[in-house]
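Reader: I am new to reading protein structures, and I would like to go through one slowly with you. Could we take the features in turn, with the general idea before the case?

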Amino acid sequence: FWVPCSEAMAVACRVCQKQFAKYTCPRCNLRYCSLPCYRSHSLRCVESFSRDNIVGEMQHLGATPETRRRTMEALKRFHLESVEDDGLEEDDCEEMGSQDHVGTSILSEKVLEKVAAGEDIELDDLTHEEKVAFFHSVASGELNHMIKPWEPWWLNRSARTLSLTRQGNRLVQPVEECDKNELDDLSDREAPEIPAPLQSPLHSIDQLTAVQPSPLLRFHVVEVVYSYCFTLRLFNGEWHSDCLDAAVTCLSVSRILGQGAAPESLTEALSNCLEMVCSAIFRPVGSCKFGVALLDDVVALLLLGRPGVICLFADLYRLLKCALEQFNEDDKAITGQEARDKSLCTTQPTLKGSDGIHSKGSKTCLGKACKSSFQTGRTERKRIKAASKKVYFLMCWANEQSDDSFTSLAFLVEAEKAGLSESERSMSSELMKTKDFQNKMHLIQEI
């Protein structure tokens, strides 16, 4: 397994640097002195060496006629069972309404009665076995065909014809006499195809600040747009189902909204977003390719001009407001729990032990966990509230910009994506060259 070296050419071990190297690794030609040094010098060499030995041993193994017969019988039995299952599924679909099918269905009679009555089924209506089967179907992807693919609203044709007033409102206002807050809530519940702008006119920048806005705000807009696109892609366009989680996700991707950062270039703004999307936090749902592909969504949104960007900020503003309302509801629940826990806070009396020593009373309270979660919720609520103010400020700033400014931003983002794609291709080619070079290396190099 090892290639011995002559004593005249003995050199120090490349691993421990304590003994003379007596052997050479057949994979990487590294000089080492003992078996422990060989095992610790490279995991790849050890694994490939063991794998080659196992493959070599398996190649010498031959299948007997009895083994082949058992294997063929098992394959035939598996094929027949799969065919019977397919036939049963077709028969079940045809006999869904029959009484005989109710007895063999995985759903209980109570759930089937709800389905027949046209009522909605909730997760709590299922039994434990039905929940296990449902989660297994979701994890295996069997229910993917039942989920309609979400199409982003900024890719819709109607989004290209958006038109707003100079105050950032609709050209045609609803005639119904109702409160503006009720209209905002109604638009949130209906989840329209294209987010509606705010009902109230937007303020001018002069009314919000006396300082001249920074020219770097356009880069801040791009980062916020990127975080919005990532959040909607992640939640399949339905952030209303969990607005608090969606808000936290958006603030995690955007350092401008979540950490108060101020990038000074477009490259820095996009790099911050890509770094977060490619991190271990979003590894199950995101990747570097997905992060780079999101730049197409950013370009499509910026090409919609001022109306599209204002509708985006309005939808993001409603998202953050919804998260704040959910925080208020949670705070009320925690406050009620804290009040109940205070009644359980007791002070133990001073006791006298058998040895005559008095033990002091200790104060115990069961509401420490609720208090810590309440403080954490306050911190997160302040962060979301500050982010909503930034979003409104950026929305008012975007309302005063021309469509050409957003078009130029879209071209800059396209240039950044081209540079990222080129660097990714060059890194892939360099990696392939390295692999080819390693494959062409001799296992044993003559010295």
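Reader: Is Cys 37 buried or exposed, and how is that judged?

Author: Buried means a relative accessible area under 20%, exposed means over 50%, and partly exposed lies in between, using a 1.4 Å probe and protein chains only. Cys 37 has a relative accessible area of 9%, so this residue is buried, and Cys 396, at 0%, counts as buried as well. Please keep in mind that this is a predicted model, in which local features need pLDDT of at least 70 and side-chain atom pairs count only at pLDDT 80 or more, while totals for chains, interfaces and linings use all residues. Residues are numbered from 1 along each chain as its sequence is written, and side-chain values use heavy atoms, with hydrogens and water left out.

Reader: How many disulfides are there?

Author: A disulfide is a covalent bond between the sulfur atoms of two cysteines. The rule applied here asks for a pair of cysteine sulfur atoms within 2.5 Å, and by this rule the count is 0 disulfides. For Cys 37, the closest cysteine sulfur is that of Cys 33, and because 3.7 Å separates the two sulfurs, they are too far apart for a bond.

Reader: Which residues have the most contacts inside the largest nonpolar core?

Author: A nonpolar core is a set of buried Ala, Val, Leu, Ile, Met, Phe, Trp, Tyr and Cys residues joined through side-chain atoms within 4.5 Å. The largest one has 70 residues, and those with the most contacts inside it are Trp 153, Trp 154, Tyr 226, Leu 302, Phe 313 and Ile 384. Among the elements that give two or more residues to this core are helix H9 (217-234), helix H14 (305-344) and helix H15 (368-399), and H14 gives the most, with 13 residues. A second, separate core of 9 residues includes Cys 37, Tyr 38, Cys 45 and Val 46.

Reader: What does Phe 313 touch, once its neighbours within four places in sequence are left aside?

Author: Contact means heavy atoms within 4.5 Å. With those neighbours left aside, Phe 313 is in contact with Val 221, Val 224, Val 391, Leu 394, Met 395 and Ala 398. Across the protein chain, among contacts between residues at least 6 apart in sequence, 66% join residues at least 24 apart.

Reader: How many salt bridges does the structure hold, and where is one of them?

Author: Side chains of opposite charge can pair when their charged atoms come close. A salt bridge is counted when a side-chain nitrogen of Lys or Arg is within 4 Å of a carboxyl oxygen of Asp or Glu, and the structure holds 4 of them. One joins Asp 297 and Arg 233, whose closest N and O atoms are 2.9 Å apart. Asp 297 lies in helix H13 and Arg 233 in helix H9, so this pair ties together parts that are 64 residues apart in sequence. Asp 297 is buried, at 6% relative accessible area, whereas Arg 233 is partly exposed, at 32%.

Author: Another salt bridge is that of Arg 383 and Glu 380, at 2.5 Å from N to O. Both of these residues lie in helix H15, 3 residues apart, which is about one turn of the helix.

Reader: Where is Leu 30, and what lies around it?

Author: Leu 30 sits in the loop between strand S2 (23-24) and strand S3 (31-32), and at 25% relative accessibility this residue counts as partly exposed. Not counting residues up to four places away in sequence, Leu 30 touches Arg 14, Val 15, Tyr 23, Thr 24, Cys 25 and His 41. Leu 30 and Arg 14 are 16 residues apart in sequence, with their C-alpha atoms 7.0 Å apart in space. Asn 29 is found in the loop between S2 and S3 too, and has a positive phi of about 65 degrees although it is not a glycine.

Methods:
Helix = DSSP H or I, 4+ residues; strand = E, 2+ residues; numbered from the N terminus.
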